[in-house]
Amino acid sequence: MQLAGTPAVVRNDAVLDLNWRLGSPDAAIGVDFFSVRWSGKIKPLYSETYQIYTSSDDGVRVWVNGSLIIDSWVKQSGTERMGSINLQAGQLYDIKVEYYENQGDARAKLMWESPSQLKGTVPSSALFLPSAS
Ligand SMILES: [Ca+2]
């Protein structure tokens, strides 16, 4: 829960839609009491207000462009959370998602929706590595 220490595993995920069920992201990580930090950039297609959604088990926090828009750092089972932010088409924004698993099932999903696009998982085409510019 503290996201402390040297990461046990570092990797790239194309999308943030992961369901570890009773397991963990990697054999090097125990099935309970682990945490994940995703860092990268997100590029919207439209200039409008976006709703950013998470569905997670357990805790989750999301920052976009430095603003904490979802703050749900609690035990929960597959709970959906939502935050809103105004974005400009084609611009790359920093995004950071932190997650922790307490016990039992573990999963995390990042979705978005705007007046011009249906709610769905943020696609890999809209996500970039932190070094993108
Ligand atoms: Ca859990």
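Which residues are the protein donors of the calcium ion? I put this question first to the structure, which is a predicted model.

**Entry 1: the calcium site**

I looked up the protein donors and found Asp 57 (OD), Asp 58 (OD), Glu 101 (OE), Gln 103 (O) and Asp 105 (O). I noted that these donors lie 2.3 to 2.4 Å from the calcium ion. I then wrote down their spacing in sequence, which reads D-D-x42-E-x1-Q-x1-D.

Asp 57 has a relative accessible area of 6% and is buried. Asp 105 is partly exposed, at 43% relative accessibility.

**Entry 2: the salt bridges**

How many salt bridges does the structure hold? I recorded five, and I examined several of them in turn.

I began with Glu 98 and Arg 37, whose side chains form a salt bridge at 2.8 Å, N to O. This pair links distant parts of the chain, with Glu 98 in strand β7 (residues 93-100) and Arg 37 in strand β2 (residues 35-42), 61 residues apart. I found Glu 98 to be buried, with a relative accessible area of 4%. Arg 37, in contrast, counts as partly exposed at 45%.

I then turned to Arg 61, whose side chain meets that of Glu 98 in a salt bridge of 2.9 Å, N to O. Here too distant parts of the chain are linked: Arg 61 lies in strand β4 (residues 59-64) and Glu 98 in strand β7, 37 residues apart. Is Arg 61 buried or exposed? I noted that Arg 61 is buried, as is Glu 98.

**Entry 3: Asp 13 and Arg 11**

I looked up one further salt bridge, between Asp 13 and Arg 11. The closest N and O atoms of this pair are 3.0 Å apart. Asp 13 is partly exposed, at 27% relative accessibility. Arg 11 is likewise partly exposed, with a relative accessible area of 40%.

Technical notes:
Residues are numbered from 1 along each chain as its sequence is written. This is a predicted model: local features need pLDDT of at least 70, side-chain atom pairs count only at pLDDT 80 or more; totals for chains, interfaces and linings use all residues. Side-chain values use heavy atoms; hydrogens and water are left out. A salt bridge is a side-chain nitrogen of Lys or Arg within 4 Å of a carboxyl oxygen of Asp or Glu. Buried means under 20% relative accessible area, exposed over 50%, partly exposed in between (1.4 Å probe, protein chains only). Helices (H or I, at least four residues) and strands (E, at least two) are DSSP runs, numbered from the N terminus. Donors are N, O and S atoms within 2.8 Å of the metal (3.2 Å for Na, K and Ca); water is not among the atoms, so sites may look incomplete.
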